[in-house]
Amino acid sequence: MDRVQKYLFSNFISSFASLFSTLFIIMSIVFFLQIARITSFIEINLIELIKLYLFMLPRILIFTVPIAFFVALSMALFRLSKENETIVLFTIGYVTRKIAVFFSVIAAIFSVLLLFISLVMMPIAENLKDNFIDYKKVSATLNIKASEFGQKFSEWMVFIEGEDEGENGKIYKNLVFYNHGKKGEDERIIIAKKGEFVSENQSFSALLRDGKIYTVDSDEWHITEFDELIIRTLSKSNIRTGSDVLGYWREMRKNDKRKKDFSIYVLVSLFPLASVLFALSFGIVTYRYEKGFIYAGIFGVLFSYFALIMILAKRPQIAISVTFLLTFILSWIYYNFKIKPRY
């Protein structure tokens, strides 16, 4: 890296750092709001909150780094043009081709790293996040307290009047279970004088004693008395392994959402490489005559690229080839039309 490249790179990094930090904070707030929604049905402490945020970090990077790269490169070169620094570079014989090659290599490095994050780290992080939430749901299921409303055990709403400490755990008194029934099923109410909740392997059971079952069938009530009743529920046994990256993406064969995610993550990761020549074309200007076009150009490229992603995302083969190649070819044509003959 020669002195000119170091100078250009330092200006780009300063712009990238300030813009990336701003976007990163904004995206982090958005994801914290998502975490807050998750905490409405599971309880987490501070350490678990940080862990859940780290699971979402790859997605934050995927959507902030490419945009920050494109905008920062455009604005850094535009600032140098405004201060006549680029004119000095061209005067001493530093051609634009060297600048284009230099930043294209940097863009390629960014895209490769982003592809690794999106295709490898994202599936691992998503699986870890889903397993964490499933585990917390199971833990919350068994965290049933006396005299509190709105508690659930599997598909049953539960109310408990009181509790005592027993030899093997808590013994609950005067329990009421209510299941409104799915479509076509009967409503059921269970009332028991005593009960306890236990977990064995992946089976979670409610052991109820001395009670009655009320089944509501249209206008009829069926009452069944019991001495002992066991309600079992199974937790999700399909725990996902964080290292099964190929299996995660193999689901594209039958899962439209996975196809869409693949298209979005790959194309967003390739955005720095696809748009680098656009950034050079917008940034390198004669400031006296081209003051305001850069903002319209940046917005136009961002809007067009991400609009194509949203339109074609469900067809990865078409989306990736058409969106990336079209953007790259148009940027190359525009660069050769605007920059190459003049500088």
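A: Glu126 lies in helix 4, where helices are DSSP runs of H or I with at least four residues, strands are runs of E with at least two, and both are numbered from the N terminus. The model is a predicted one, in which local features need pLDDT of at least 70 and side-chain atom pairs count only at pLDDT 80 or more, while totals for chains, interfaces and linings use all residues. Residues are numbered from 1 along each chain as its sequence is written, and side-chain values use heavy atoms, with hydrogens and water left out.

With a relative accessible area of 10%, Glu126 is buried; that word means under 20% relative accessible area, whereas exposed means over 50% and partly exposed in between, with a 1.4 Å probe and protein chains only. If neighbours within four places in sequence are left aside, Glu126 is in contact with Arg59 and Tyr248, contact being heavy atoms within 4.5 Å. A charge sits over a ring if NZ of Lys or CZ of Arg is within 6 Å of the ring centre and within 35 degrees of the ring normal. The charged end of Lys98 is placed in this way over the ring of Tyr94, 5.3 Å from its centre.

A pair of aromatic rings is described by the distance of the centres and the angle of the planes. Rings of Phe, Tyr and Trp (its six-membered ring) pair if their centres lie within 6.5 Å, and planes under 30 degrees apart count as stacked, over 60 as edge-to-face and the rest as tilted. The structure holds 31 aromatic pairs. One of them is edge-to-face and joins Phe55 and Phe132, at 6.3 Å centre to centre and with 65 degrees between the planes. Because Phe55 lies in helix 2 (residues 46-82) and Phe132 in helix 4 (residues 96-142), this pair ties together parts that are 77 residues apart in sequence. Phe55 is buried at a relative accessible area of 14%, and Phe132 counts as buried at 10%.

The rings of Phe324 and Phe328 have centres 6.1 Å apart and planes at 20 degrees, so that pair is stacked. Both residues lie in helix 8 (residues 316-338), 4 residues apart, which is about one turn of the helix. Phe324 counts as buried at 16% relative accessibility, whereas Phe328 counts as partly exposed at 31%. An aromatic cluster is formed by Phe9, Phe12, Phe16, Phe20, Phe24, Phe69, Phe102, Phe103 and Phe110.

To place these details in the whole, the chain has 8 helices and 6 strands, and from the N terminus on the elements run α-α-α-α-β-β-β-β-β-β-α-α-α-α. Of the 343 residues of the chain, 43% count as buried. Among contacts in the chain with a separation of 6 or more, 64% are between residues 24 or more positions apart.
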